[in-house]
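Biologist: I would like to learn how to read helix packing and a ligand site. Could we go through an example together?

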Amino acid sequence: MIRITSDGVIRFECMPAQKMKFRSQRPLRLVLALMVGVAGVWLFTHCRDKQTDAGHRPIISFATVKPVLEALGDKLPPQLREPNEAKWKTWAQHEDDVVRGRLEQGALDSMINLLLFGTSFTTQPRVITMHDLHDPVVQSRVDDLLQGLRNPGRNERLIFLRNVLRRSGMDPDSSTGDEKTKTFVLENLRRVVQEQNTFREQFDEATHESDQQAELSKRSRMFHDRGISLDTTILSSFGIEGALRDMKDRAMLPVRSITRVAVIGPGLDFTDKGFGYDFYPLQTLQPFAVYDSLIRLGLAEPGKIDITAFDISREVLEHLRSAHDRAKAGENYVVQLPRESWPWVAEAVQYWRSFGSEIGEPAAPVQPPPALKGLETRAVAIRPDVILSCKPVDLNVVFEQVDRSDTRRFDLIIATNVFLYYDTVEQALALQNISTLLKPGGFFLTNDWLPGLPQIPMRSMGYTPVRYGESGDWGDNIFWWQRQ
Ligand SMILES: C[S@@+](CC[C@H](N)C(=O)[O-])C[C@H]1O[C@@H](n2cnc3c(N)ncnc32)[C@H](O)[C@@H]1O
């Protein structure tokens with residue numbers, strides 16, 4: 001997170017994705033998440049024309065969305081007022097393109113995270129507190145980044161960023177293009193600082209809403225016009241495990257009742273949003289974390305879980321496909337689990353310690369660089385059968401429908417840190433689409449507050465407050481929706 005402190009210092013705070021204020025009043029005793037610094041991850045090309053090759057799914061039919069669009073009334077954008085089939089198709093197609101294009105902006109945000117926190121391309125100290133954009137350390141980091149981009153070696157992140165820069169018209173290999181690239185990087189740094197400050201103001205404004213529902217809604221749409229990040233953290237999976245345990249304890253989820261699971265937006269750990277670790281390979285966690293939790297809680301049986309990972313990011317999907325291919329050849333998938341130095345609650349530490357107990361074996365972790373001396377870390381080698389249970393599928397859950405021939409619906413769908421990138425109309429459309437994917441009685445868990453409508457057969461059943469940090473208000477609410 002980037003914050004201007006009262007003394008005018010621009011500060012990059014080491015904070016994870018979610019922050020929450022706890023309140024004592026019902027019905028919304030707990031106020032949702034301050035999303036800090038989800039600005040995370042680099043991405044790649046996400047232009048529609050390129051992805052079309054991979055085969056897009058059809059836009060949801062007008063008949064399916066019509067009741068929702070009609071109920072949204074004056075919340076609809078002008079192009080969708082008095083909706084009909086033609087208006088819907090044109091708008092939804094265009095918006096799908098726009099959403100996929102926003103991934104590119106997220107990539108540039110990730111470049112800034114890497115610039116400030118990365119240790120793989122520089123020996124300069126990490127910029128946790130930035131006093132000035134012209135700080136010599138920042139300038140040296142920019143120079144080292146440019147140098148790294150010219151000679152990326154096998155550094156996955158630098159290779160990816162080279163492509164991002166090329167698509168933005170830069171040539172990282174040309175010495176004459178260096179100044180242009182440097183200016184571009186610094187412009188993006190300035191933009192990210194400004195965006196974070198605006199975001200901070202918007203967050204504070206939302207806090208002053210008198211109506212708690214309005215406050216929650218505002219906070220859950222905070223990033224609706226920002227670049228879409230791929231970033232992911234183990235803590236969102238800790239939150240999901242807490243919610244599953246809570247629901248099991250209340251007999252809402254019977255033992256061994258879950259076999260089909262969907263994870264919407266599993267993400268990819270490029271440069272962690274809070275601390276910017278880049279000393280280990282790119283990885284994803286959530287689909288495997290949910291498998292681990294379901295077995296640990298007795299809600300599913302080993303070998304009897306199918307997981308579908310829905311995402312719009314080609315990089316996420318390709319990463320999962322490649323892990324799948326390697327698992328077919330008997331290869332484990334090793335995940336690195338650094339534990340941020342921000343103090344976690346004891347339950348989160350316990351979760352971190354036991355992560356993977358049901359899906360793999362402890363492995364030797366990649367050692368952090370000297371700059372991160374003292375960082376606790378562990379690693380887990382996930383078994384091939386677990387990786388093979390997870391199928392990646394390209395789906396924009398807001399606008400596209402899944403293959404009708406696949407009539408098996410899900411028992412459980414989870415999506416964390418996905419819907420805050422959308423506004424009310426898109427959030428309602430996503431909830432409607434999710435209802436078509438769930439079995440009657442099935443559950444959807446999310447940490448974003450979503451607008452329920454009588455026209456959507458999903459009932460809000462409660463939520464689990466989850467605390468991540470020992471200090472104050474860092475945490476999440478995991479909302480439970482049930483398919484009617
Ligand atoms: C910030 S990451 C969250 C990762 C992970 N769920 C977590 O909480 O740690 C957001 C993810 O959602 C995906 N995503 C965003 N919009 C989506 C949509 N409309 N349909 C499917 N996936 C989407 C992004 O590509 C990305 O992988």
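Biologist: At roughly what angle do the axes of helix α2 and helix α13 cross?

Modeller: Two packed helices are described by the angle between their axes and the distance between the axes. This is a predicted model: local features need pLDDT of at least 70, side-chain atom pairs 80 or more, while totals for chains, interfaces and linings use all residues. Residues are numbered from 1 along each chain, and side-chain values use heavy atoms, without hydrogens and water. Helix α2 (residues 62–72) and helix α13 (residues 424–437) cross at roughly 150 degrees, their axes coming within 10 Å. Axes are lines fitted to C-alpha atoms over the stretch in contact, with angles from 0 to 180 degrees between N-to-C directions; helices are DSSP runs (H or I, at least four residues).

Biologist: Which residues of α2 and α13 make the contact?

Modeller: With contact meaning heavy atoms within 4.5 Å, α2 brings Thr-64, Val-65, Val-68, Leu-69 and Leu-72, and α13 brings Val-425, Ala-428, Leu-429, Gln-432 and Thr-436.

Biologist: Which atoms lie 2.7 Å apart at the ligand?

Modeller: A polar contact pairs N or O atoms within 3.5 Å. A side-chain N or O atom of Thr-232 is 2.7 Å from a ligand oxygen atom, and a backbone N or O atom of Thr-233 is 3.3 Å from a ligand oxygen atom. A ligand nitrogen atom is 3.4 Å from a backbone N or O atom of Leu-395.

Definitions and conventions:
Helices (H or I, at least four residues) and strands (E, at least two) are DSSP runs, numbered from the N terminus. A polar contact is a pair of N or O atoms within 3.5 Å; within protein, one must be able to donate a hydrogen and the other to accept it, and residues adjacent in sequence count only if both atoms are side-chain atoms.
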